[in-house]
Amino acid sequence: MRSVLPRCSGKFALAKPTAAPIPSVPLTEHLSHGESTVKRRTLPVAAALAATAALLLTACGGGDGKSEDNDKIAGADTGDTSASASPSSSANQVQRPDLTLPKDVTETFEGWKTGDAAKDEVLADAGRAQSAVTYAVTQGDPNSKALAFYQTGTALAGSQDWVKGIVDAGLTYSGAVRYYAPDISVFDAKSAGVTYCADETKAFNKNRKTQKVDRTPATNDSYVLYSTRLEKNDKGVWQTTKLESERGNKRCTP
């Protein structure tokens, strides 16, 4: 899965829709995820995204012309510590699309339970939004109903283009992707931001016709930082409305 068409160039490289990189700031403290051997880390995602909002909103999958309040992205600190949405019973009752993946494709989500029901509801749909992209690729369908169920706005448009590029190239997926280190900010009852990492070291492109798997070696670019904004629709589903990614970000690499 490390060599598929990104949305922003004609070259092959993975990451579900690619965007402008999030800048990092050197600090003297150790990484917060147990990586004590690294004495340099990126600025916390909340501050990095807040400091570079203008860049992100003009990047691939960026601004959609809405107000500033509607343009909060994952981890953007609003200073509102009371913004905690209550879990909606409608979210559990809604008819959700099938996301069953082929037997040779697996996705795992580590740390996706916080113990806070409202946050866990957001994280669950953030994960499903990623699985919906994988599902669309394996089905060879850029217009997958599952994709449109969990994504909307610029995120959906970018993902559809990205899936189409992969399908048109005659490719699909094989292997496993691990999503981990989620960081969530609930802005209010209907908007939230989530950042997380993806480990694609065991995921590969597969030729759709010949079924041959391209087992390329892993590099730091096999690790991806995702930054997303989600909004709760009238069905109680947290749809991803914005999605940015950066390969090789130090927050995600070993």
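Accessible areas here come from the Shrake-Rupley method with a 1.4 Å probe, and for residues only the protein chains shown count as cover. This is a predicted model, so local features need pLDDT of at least 70 and side-chain atom pairs count only at pLDDT 80 or more, while totals for chains, interfaces and linings use all residues. Residues are numbered from 1 along each chain as its sequence is written, and side-chain values use heavy atoms, with hydrogens and water left out.

**View 1. The whole chain, before we zoom in.** The chain exposes about 11,600 Å², and carbon and sulfur atoms supply 51% of that. It holds six helices and six strands; helices (H or I, at least four residues) and strands (E, at least two) are DSSP runs, numbered from the N terminus. Follow the sequence and you get the pattern α-α-α-β-α-α-α-β-β-β-β-β. Of the 254 residues, 50% count as buried, where buried means under 20% relative accessible area, exposed means over 50% and partly exposed is in between (1.4 Å probe, protein chains only). Take the contacts (heavy atoms within 4.5 Å) between residues at least 6 apart in sequence: 70% of them join residues at least 24 apart.

**View 2. The one disulfide, Cys197 with Cys252.** A disulfide is a pair of cysteine sulfur atoms within 2.5 Å, and a search of the whole structure turns up one. The sulfur atoms of Cys197 and Cys252 sit 2.1 Å apart. Cys197 belongs to strand 3 and Cys252 to the segment after strand 6, so the link ties together parts that are 55 residues apart in sequence. With -75 degrees about the S-S bond, this link is left-handed. Both Cys197 and Cys252 are buried.

**View 3. Strand 5 meets strand 6.** Strand 5 (residues 223-232) and strand 6 run antiparallel, joined by nine bridges; two strands pair if DSSP finds at least two bridges between them. One spot to look for is Ser227, which stands opposite Glu244 in strand 6. In this hairpin, five residues lie between the strands, and Gly236 takes a positive phi near 90 degrees. How many residues of strand 6 are buried? The count is 10 of its 10.

View 4. Asn249 lies in the segment after strand 6 (238-247). Is Asn249 buried or exposed? Its relative accessible area is 5%, so Asn249 counts as buried. Its side chain makes a polar contact with the side chain of Glu246 at 2.8 Å. (A polar contact is a pair of N or O atoms within 3.5 Å; within protein, one must be able to donate a hydrogen and the other to accept it, and residues adjacent in sequence count only if both atoms are side-chain atoms.) A polar atom of the Asn249 side chain also lies 2.8 Å from the backbone nitrogen of Arg251.

**View 5. Two residues with a positive phi, Ala181 and Gln211****.** Most residues other than glycine have a negative phi. Ala181 is not a glycine, yet its phi is about 55 degrees. You'll find Ala181 in strand 2 (residues 171-188), and it is buried, with a relative accessible area of 15%. Gln211 also has a positive phi, near 70 degrees. Where is Gln211? Look in the loop between strand 3 (191-207) and strand 4 (213-214). At 43% relative accessibility, Gln211 counts as partly exposed.
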